[in-house]
Amino acid sequence: MTLLSVENVSKSFAGVRVLRDVSFDVRPGEVLGLVGENGAGKSTVLSLITGLLAPDAGTVRFDGARVHSGIRAWSPHRARAAGIASVHQELSLNPHQSVAENVFLGAWPTRGGLVRHRDLVARARPLLSRVGLDVDPLTRAGRLPLGAQQLVELAKALTGDPRLLILDEATSALDDDQVRAVFRVVDELRAAGKSVVIVTHRMGELFAVSDRMTVLKDGEVVATRERAATDHDDLVKLMVGRELSDMFPPKSKDTAAVPAEPVLTVRGLAVPGSCAGIDLDLVPGRVIGLGGLQGQGQREVLRALFGLRRHSGQIDMDGRPCRLATPREAIRRGIGYVPEDRKTEGLHIAHSVRANLSLPSLRALAPARSLTTVSRRQEARLVAGLVDSMRIKASSPAQEVRRLSGGNQQKVALAKWLPTKPRVLLLAEPTRGIDVGTKRQIYHHLRELADSGMAVLVTSGDTMELVGLCDEVAVMYEGSIVDRLVGAELTEERLVHASVVGQEVTHV
Amino acid sequence: MSVAALRDNRAVWAFGVLGVTWLAAIAFANGFGTVSSVRYLVQTASFLGIVAIGQTLVVMMSGIDLSVSAVVALSAVVCAQVASGSGGAAGILVALAASVVVGLVNAAGLVWLRLPPMVMTLATGTVIAGALLIYTDGSPRSARIPLLDTLANGSVAGIPYATVLWLAIAAAGVWLLHLSRLGRYAFALGTSEPASRASGVPVPVTTLVMYAACALLAGVAGLVLLGFTGTSSLTMGSPYQLLSIASVVLGGTSILGGRGHLLGTVAGALLLTLLTALLAAWNLSEGLRQVTLGLLIIVLLLAYARERRTA
Amino acid sequence: MSERIRNHMDVLGLCALLAVVLVTYQRLDPTLLSPSTITILSAQFLPLILAAVAQTIVMLTGGVDLSLGPVLSLGMAVFVVTAADGATGVLAAMALALAVTVAAGAANGALVAYAGLPPIIVTLAASFLWTGVTLIVLPQPGGHVPAGLVSAYNLGWYGIALPALAVVVALALWKLVRTTRFGLALYAVGGNEHGAYASGIDTRRVKILAYGFAGLFTGLAGIGLAIQTGSGDPNIGAPYTLNSIAVAVLGGISFFGGVGRMRATLLGALLLGLLTNLLLFTGISTFYQLILQGVVLVVAVAVKTLATRERTA
């Protein structure tokens, strides 16, 4: 008895096999975890199920019927009608319409052919409370924080009373409370005999909800395990094909003994509406983390230091006051920034690896004395060096960045700053949505850069990452730094505690 | 260059279509094979071609300039007006300076007022049209300026000066857009503005230079047209507004910016001029000519100018 | 609560501006609110209002229609060529003209939906096409509009301002369409096309319908212009392409789609029309009309953009 079965499915894009003979099934009343590194083919499989793509070979059966056959092609429209709903990491909400309109997006209830807003609101309320969201249904969706939008997306998926719910990295932007709300919904569905397929990079979540796990590697299913029959290390080994013992590089050697002069001193930094009174000392050779719950102003601190947000406060570089009003000023002073949103801000994804890597250093490649003509030879040398040293996997420097895997994209977003010889490197969520193997490489790169004399500032929602990578972590809560953890104090327990204590202190 | 790369290179497509069309014209219509007809064709294509090169510069950075038609008229009208009082050289200089100012105003509106390019250039175009009405009191002058006369009608070694000027401008454009630092910045801006800002691309300078260059070229085209016809009019630029954009797109440049080659625009302008001449040669009525031109443009765009769907 | 106020800022701002203009106008022309002035003004404004409504619909999908002027001329041409005296003759001609413009709009929409070409390019190419078709239907200015209709329309019909009535009916029709599933889908497609598709909305159908509706309102504008001027002219539509974009932008309709309200477009059209007429009264040369249009456009959009930027960046 199965609800959904994927049988010997293959799919290629432009001659590259992304799925090879993939088979798995989902039973009624079951939660199946789908795991694998980036580029393992998880999203492609899900797209076949939800009707965004059609397979080259093999069949997908839902409720016993082949979906990709017959006169009418399988489509998101038909999948939704058949009872398959999905929530993706990339939002499908319309930011300009109200929450209520978004919950029923495409399936608005009508009376006499007309959509009544009172109906929409009345019917949206119970769905919103089911996902633990307390907002006015008439608020524009774009005004909600990212996590809340993700929950609206979940409420939307529940409208048609789906028999199969697909959660594709749907919890990546959520805080712990919100994740619990999602799992409550998953449990309800399971209890009602409905099925769920969940994709997440967070292992803890995976083990908390899944009944079984199917592991994909390089477009093939390598194993399907019952939850009781596996553990964290076993899964990682299956995904990566080897064990990862040295995930994090060793930390900087006892810098407390010889305190280096900070390259950047920040005193009383404030971004209206986001953060205030931020003090930071960025020291060469040290990796400093900004921790705390999601959205406590960490992101804005980085954006202010890179000149992307208007800010006030005293910023000194090498002891002299400096103004960071635009990214150009920040770059000229030796600051590099790897944003959280790499597809819109970190990279020109429609451009080649070459063009991306050379963009910040064009001033050196095309000096005024050559009438600003870009030297192709120097550019090629620069790009080849970076591709080599960062181990960027691309078919050629002319390959478009959007064709690279997420991990390689992130390497490009980081590598492009290196030729500008930055003294300060700012990174937001440097490994979000990136597979384990590449994560490890990025951690080691960051440590090497710090060892070579760079000051590194990282924000991350991943506690383990901050603890493993950073020399010091400043914990933020509601726009302020509430604690600083160094050396032996820097443990996952202390970090989580500090994030929550901040909460208690400000709520007294 | 591999076959796949060639298929992706839409500028090459534009030249291919141009060649085929030209051969077809020679085979199926009278008078397209002679040297004089070719000379006439490249001469008439120059006016559109020069405007279209400017348009390419701004389209590549994801902009658009709807004021080119007004600038063509502005340059010709101002030149004729000034020349009648202070001589031809003064007229030319004032006209070109005025054109550049328009381009700078356009760019300033985009950079500091954050207006969408379509709105800003539409507005400046409208304002110029009004200003020209007031300046000329509704009746622009004609002028014979020897330098412009030679430029528009003379030729060297059988090649019209206008064409030589066009090709020289194209060469300068290729350097600016494809070889220089500023060109790289324009491409980057055309692909993603937020990513460009966060990579330190000098947005104001790039915008100012590209829009000023676009307006300057529209001004140059206006002067050559003035030399060609010997008279200026308030509507003399009108055809170039949409045709310059059509040339850019038929030349394989993405209207969304960031993709394409300036040389494709040269082919695009030639192709449009050739098609127009061909339709005229068939003695079709004005209406049928426009219908055929519209359908041909649509077919050509379908053949090679589709935007890749971002999945 | 502030959320709702913010949503209506555009409309409120335009209303305030319009009130100022109306008061000034009333000073200069005390007959402003008399039935005959309303009839004349509404006849004068109707083509621009309806053209802007059409442009707004297309812009809400995230597109722009550069063939609006030619389609307007086409509607006018078909109407004046086929219109016969008598109610049935006129209605048949109207129906035919609207059928043609709706078909033209839907053809634009089909190309946008299926060809993978950006709307600006499709409608640019289509502008040549529809200009040509118009010239085939009506090569020279001329054609025939029944004289009784012309005078009833321009001078009032039993004291009713027919053009004003037509605008009200057209806007009511749009209001109705706006509350159907298609109306909501239109905003959804404009706001996040991929999301709308992934949510099961047939985005292609929505686009074709949207361009079709735009064709309907453009056709109405063309018919209105024909009746107002009493004859047809194959080139008269050209300025409406850019003017309709200007009005829509003035009304706060975003080029990126999914944002804006039809009532703001209406206010924008009225504002621009009244300002232009004001120039006549103040004795400034009509030559300044174009400059005024350009300046109003830049100032309005710049104020709006800078006001929003303060909040976000």
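Tutor: Two residues are in contact if their C-beta atoms, placed from the backbone, lie within 7 Å. Among contacts in chain C between residues at least 6 apart in sequence, 80% join residues at least 24 apart. This is a predicted model, in which local features need pLDDT of at least 70 and side-chain atom pairs count only at pLDDT 80 or more, while totals for chains, interfaces and linings use all residues. Residues are numbered from 1 along each chain as its sequence is written, and chains are lettered from A and ligands numbered from 1 in the order in which they are written.

Student: How many helices and strands are there in chain C?

Tutor: Helices (H or I, at least four residues) and strands (E, at least two) are DSSP runs, numbered from the N terminus. Chain C has 14 helices and 0 strands.

Student: Why does the radius of gyration of chain C agree with that of a compact globule?

Tutor: The radius of gyration is taken over C-alpha atoms, and the globule rule is 2.2 Å times the number of residues to the power 0.38. For 313 residues the rule gives a value near 20 Å, and chain C has 19 Å, so the two agree. Along the principal axes, the C-alpha atoms of chain C fill a box of roughly 55 × 45 × 35 Å.

Student: What percentage of the residues of chain C count as buried?

Tutor: A residue is buried if 20 or more other C-beta atoms lie within 10 Å of its own, exposed if 12 or fewer, and partly exposed in between; C-beta atoms are placed from the backbone. By that rule, 55% of the 313 residues of chain C are buried. In α13(C), the buried residues include Ala264(C), Thr265(C), Leu266(C) and Leu267(C).

Student: What should helix α13 of chain C span?

Tutor: The expected span of a helix is 1.5 Å times one less than its number of residues. Helix α13 of chain C (residues 262-282) has 21 residues and should therefore span 30 Å, in agreement with the 30 Å between its end C-alpha atoms. Gly283(C), with a positive phi near 80 degrees, follows α13(C).

Student: Which elements of chain C touch chain B?

Tutor: The contact takes 40 residues from chain C and 41 residues from chain B. On the side of chain C, α5 (87-115), α6 (119-137), α12 (238-250) and α14 (288-312) each give two or more residues. The largest share, 14 residues, comes from α14(C). For classes, Ala, Val, Leu, Ile, Met, Phe, Trp, Tyr, Cys and Pro count as nonpolar, Asp, Glu, Lys and Arg as charged, and the others, Gly among them, as polar. The side of chain C that touches chain B has 30 nonpolar, 9 polar and 1 charged residues.

Student: How many residues of each class does chain C have on the side that touches chain A?

Tutor: Here the contact takes 21 residues from chain C and 22 residues from chain A. Two or more residues come from each of α9 (181-191) and α10 (193-198) of chain C, and α9(C) gives the largest share, 6 residues. By class, this side of chain C has 9 nonpolar, 9 polar and 3 charged residues.
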